[in-house]
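This briefing goes from the overall fold to the charges and then to the aromatic rings.

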Amino acid sequence: MAITKTARTLLASQSLAAATAVSATELNLSTAAAGTVVFVRLTNGATAPTTAPTVSFYSGEATGVKRLRYRVAGDIVNSSVNDRAFVTEQGEMFVNVTITNGATNAITVEAYAQESTTV
């Protein structure tokens, strides 16, 4: 039996200024998702932030509800790429991601998901 999978772009690659935050598009898993992996990529420039950026993964039972499930940091290494992931449980209904940049320098951020819709 084949698994049907769907790729989702939650936040297209963009620059995130120092000491700012951005939220990705909310992922609605309430109808048919059998499991999803959410990926976030943090890319430091030639001069990295002086404090590490963080990625907060949230889930909730209704659109806009954000209950923190997991928070992970990037690093402060020049020109590094940090990939962070969150695996949802089958009961997750709505998933949100917020990326908060550290101080002093911009970084590049993006978020994607791989959703299994049938098993």
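In the charge count used here, Lys and Arg count as positive and Asp and Glu as negative, while His and the chain ends are not counted. On that basis the protein, shown here as a predicted model, has 8 positive and 8 negative side chains, and the centres of the two sets lie 1 Å apart.

**Fold and dimensions**
- The secondary structure consists of nine strands and zero helices, so that the order of elements from the N terminus reads β-β-β-β-β-β-β-β-β.
- The radius of gyration is 15 Å, which agrees with the value near 14 Å that a compact globule of 119 residues would have, and the C-alpha atoms fill a box of roughly 45 × 30 × 20 Å along the principal axes.

**Burial, surface and contacts**
- Among contacts between residues at least 6 apart in sequence, 79% join residues at least 24 apart.

**Aromatic rings**
- The whole structure contains three aromatic pairs, one of which is stacked because the rings of Phe57 and Tyr70 have centres 5.8 Å apart and planes at 20 degrees.
- This pair links strand β5 (residues 54-60), which holds Phe57, to strand β6 (residues 67-73), which holds Tyr70, the two residues being 13 apart.
- Phe57 is buried at a relative accessible area of 0%, whereas Tyr70 is partly exposed at 36%.
- The rings of Tyr70 and Phe86 are also stacked, with centres 6.4 Å apart and planes at 20 degrees, and this pair connects strand β6 with strand β7 (residues 81-87) across 16 residues.
- Phe86 counts as buried at 6% relative accessibility, and ring pairs link Phe57, Tyr70 and Phe86 into a cluster.

Methods
Residues are numbered from 1 along each chain as its sequence is written. This is a predicted model: local features need pLDDT of at least 70, side-chain atom pairs count only at pLDDT 80 or more; totals for chains, interfaces and linings use all residues. Side-chain values use heavy atoms; hydrogens and water are left out. Helices (H or I, at least four residues) and strands (E, at least two) are DSSP runs, numbered from the N terminus. The radius of gyration is taken over C-alpha atoms; the globule rule is 2.2 Å times the number of residues to the power 0.38. Contact means heavy atoms within 4.5 Å. The place of a charge is taken as NZ of Lys, CZ of Arg, CG of Asp or CD of Glu. Rings of Phe, Tyr and Trp (its six-membered ring) pair if their centres lie within 6.5 Å; planes under 30 degrees apart count as stacked, over 60 as edge-to-face and the rest as tilted. Buried means under 20% relative accessible area, exposed over 50%, partly exposed in between (1.4 Å probe, protein chains only).
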